[in-house]
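User: I'd like to learn how to read a fold like this one, feature by feature. Could you walk me through it?

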Amino acid sequence: MTRISGRFPALTTTDPKELLLSLNSTRERFSSVLGICRAIGSTLDLDQVLNEVIARTSKSVRAERSTLFLVDNDKAEIWSKVVQGEGLSEIRLPLGSGIAGWVCRNGHSVLLNDAKSDERFNRMVDRVTGYKTRSMVVSPIHDKSGTVLGAIQALNRIDGDFTQEDVAVLEAISAQAGVAIENARLYRDVVAQNAALQAAKEALAGRVSELDLLFDIEQRISSATSLEDLVDGILATAMDVLEVEAGSILTLEEDLGALFFKSAQGPKGEQVKKFKLQLGEGIAGEVASTGKPVMTNDAASHPAYAPRIAKSVNLPTRAVVCVPLVGEKELIGALELINPAKGRKFEEHDLRLATLIAGQVSRAIAVARERVEGERKARLAAIGQMIAGMLHDLRTPMTLVSGYAQMMVDDEQRESRENSSEIILKQLDHISAMAKETLAFARGETDILLRKVYLNKFVEEISEFLAKDLEGKEIELEMVGNFLGTVRMDEGKIKRAIYNIARNAAQAMPRGGTFTVTVDKEEDKVVFRLADTGPGIPDEIADKIFQSFVTSGKKDGTGLGLAIVKKVIEQHGGDVSFKSKPGKGTTFLLRIPG
């Protein structure tokens, strides 16, 4: 319920006619105030309510015209929010100037029937407007806390002087005007808060959408099997999120000075992939060379636009968003999105999203390039290490070949020469097998050739080879054949495994020692025990000794020997293990099915 403030005058006459006129006047004034109350209750449109207030004010106090002033505290002024009268514009006065200014500053009503005689009267307004002010009544507008919001001013009563009754009516109207202004301001604040909340909600939704986008891209990065699959997936996501007709990811090949389409999707995607752009050609070329993004909804009018590809594939280009792909220190390409769907135009939000996606593309490309470069370097290093290992392993057979070849020169016995020739041929076969085995290991091949092998002859050949290899190293070789039956195995590869371990043992005993080869049969397994009396395996590599390129700091070690041993034994369906104690040597056990 709206409360009507102010006071209405008491009746002071007993004359029937005057009494009737007074009652009619009071009813009319009450009706005006009631109309203002209804206007306040029916709308929150402040302008509509205040215009109604001023119209009813003039009628209620029988004034020629009325004005509603509001206080502008920021400028220390009052200004006319609603003005009656033809040809009148906004009036601004310093707070305290004129009667209305005085009322707004002091918060008290004023009644003047000879306005010009009051020293507070401001004659300037009359001079500017040409209006002649004779009398006036002014009442302040308060809010519920008592703060003055403004004032209502009524000028020149039509039928005589203003009375205290007019002051009472004007104060009642001012009270309702205060309610209207305060309600409108509260409503405005609520609307502003709702708008701020809505903006915050939309901003939050945008951030959540961007996080979803980044999460989707991260999933694509982690699941992609190749860089091509990755950029295709990210581009598809970008086109879907920004709702565009076509898109492409171009990468810069520095040595060629050109941009190539790493991915192109849309109605002409496959055709577009066949083209390349010179650095600086077209919008994408300019973005890739300058690092500055471009967004245009009139592509043909952009100074960098080059229609060569669009015309070649018959793809009209209406609008473009293009952002650079930036590596760690250099530009590596561009992401270009063309023609938003449904006839819409690109907006700043689209540019921000494209830039966000481009950052992920750049990171993915950089990581892929680093991985490829790392793999290339690793392959080169592995090849170098394998060659070094082969050269080291070739020493013994080449020494045997050289020695027996020299013996054949001076040997007149045919049988002796034939024996030397057979040994040389075996060593050459061994060299060939060694090279093939190393290359097979590098390629990840697992084929082995199983055949029946007589262990007595096998042990004899190993003993002869190792004796030559250990000659001059003060290492005693012991061969123990507890089992000299037959076994199905790849003879060359098992020899290679034993030689690798023997070479490691020799390197571990630079001051001499003992190397023992024992052949046993345990249940259904043939076991080769290879023991040395060296210092043992260091703890820091004990758990990874069978991994490729792991060494204990040997000067010419490649780290491939024991990895090859493990691979060979596992290819036979067996297993390999070791026992080692500091200062008491190491024993390797090679078990294969017997």
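Predicted model: local features only at pLDDT ≥ 70, side-chain atom pairs only at ≥ 80, totals over all residues.

User: Which strands does E7 pair with, E12 among them?

Analyst: E7 and E12 run antiparallel and are joined by seven bridges. Within that pairing, Ile249 sits opposite Leu335 of E12. E7 also pairs with E8, again in the antiparallel sense and over seven bridges. There, Gly247 has Gln265 of E8 as its bridge partner.

User: And how should I think about the side chains along a strand?

Analyst: The general idea is that in a regular strand the side chains alternate between the two faces of the sheet.

User: In what order do the six strands of the open sheet come?

Analyst: Reading across, the order is E9-E8-E7-E12-E11-E10, with antiparallel pairing. E9 (276-278) and E10 are the edge strands: each has a single partner strand, so one side of each is left without a neighbour in the sheet. From one strand to the next, the twist averages 20°.

User: How many bridges join E10 to E11?

Analyst: Three, and the two strands run antiparallel. One place to look is Met295, whose bridge partner in E11 is Val321.

User: What lies across the sheet strands?

Analyst: Take helix H6 (residues 227-242), which lies across E7 (244-253), E8 (258-265) and E12 (331-340). H6 runs at about 65° to E8. Then there is helix H8 (residues 282-290), lying across E7, E8, E9, E10, E11 and E12. The angle of H8 to E12 is about 145°.

User: Let me try a loop residue. Where is Ala306?

Analyst: Ala306 belongs to the loop between strand E10 (294-296) and helix H9 (308-313).

User: Is Ala306 buried, exposed or partly exposed?

Analyst: Partly exposed, because its relative accessible area is 31%, and buried would need under 20% while exposed would need over 50%.

User: Now helix packing. What numbers do I need?

Analyst: Two packed helices are described by the angle between their axes and the distance between the axes. Here, helix H13 (residues 455-470) and helix H14 (residues 491-508) pack at about 35°, with axes 11 Å apart. Their crossing is right-handed.

User: Which residues make the contact between H13 and H14?

Analyst: From H13 you have Phe458, Glu461, Ile462, Phe465, Leu466 and Leu470. H14 supplies Glu491, Ile494, Lys495, Ile498, Tyr499, Ala502 and Ala506. Sorted by class, the contact of H13 with H14 has ten nonpolar, no polar and three charged residues.

How values were computed. Residues numbered from 1 in each chain as written. Heavy atoms only, no water. Helix = DSSP H or I, 4+ residues; strand = E, 2+ residues; numbered from the N terminus. Buried < 20%, exposed > 50% of the residue type's maximum accessible area, 1.4 Å probe, protein only. Pairing = 2+ DSSP bridges. Axes fitted to C-alpha atoms, helices over the stretch in contact; angles between N-to-C directions. Contact = heavy atoms within 4.5 Å. Left-handed = near helix turned anticlockwise from the far one by under 90°. Nonpolar A, V, L, I, M, F, W, Y, C, P; charged D, E, K, R; others polar.
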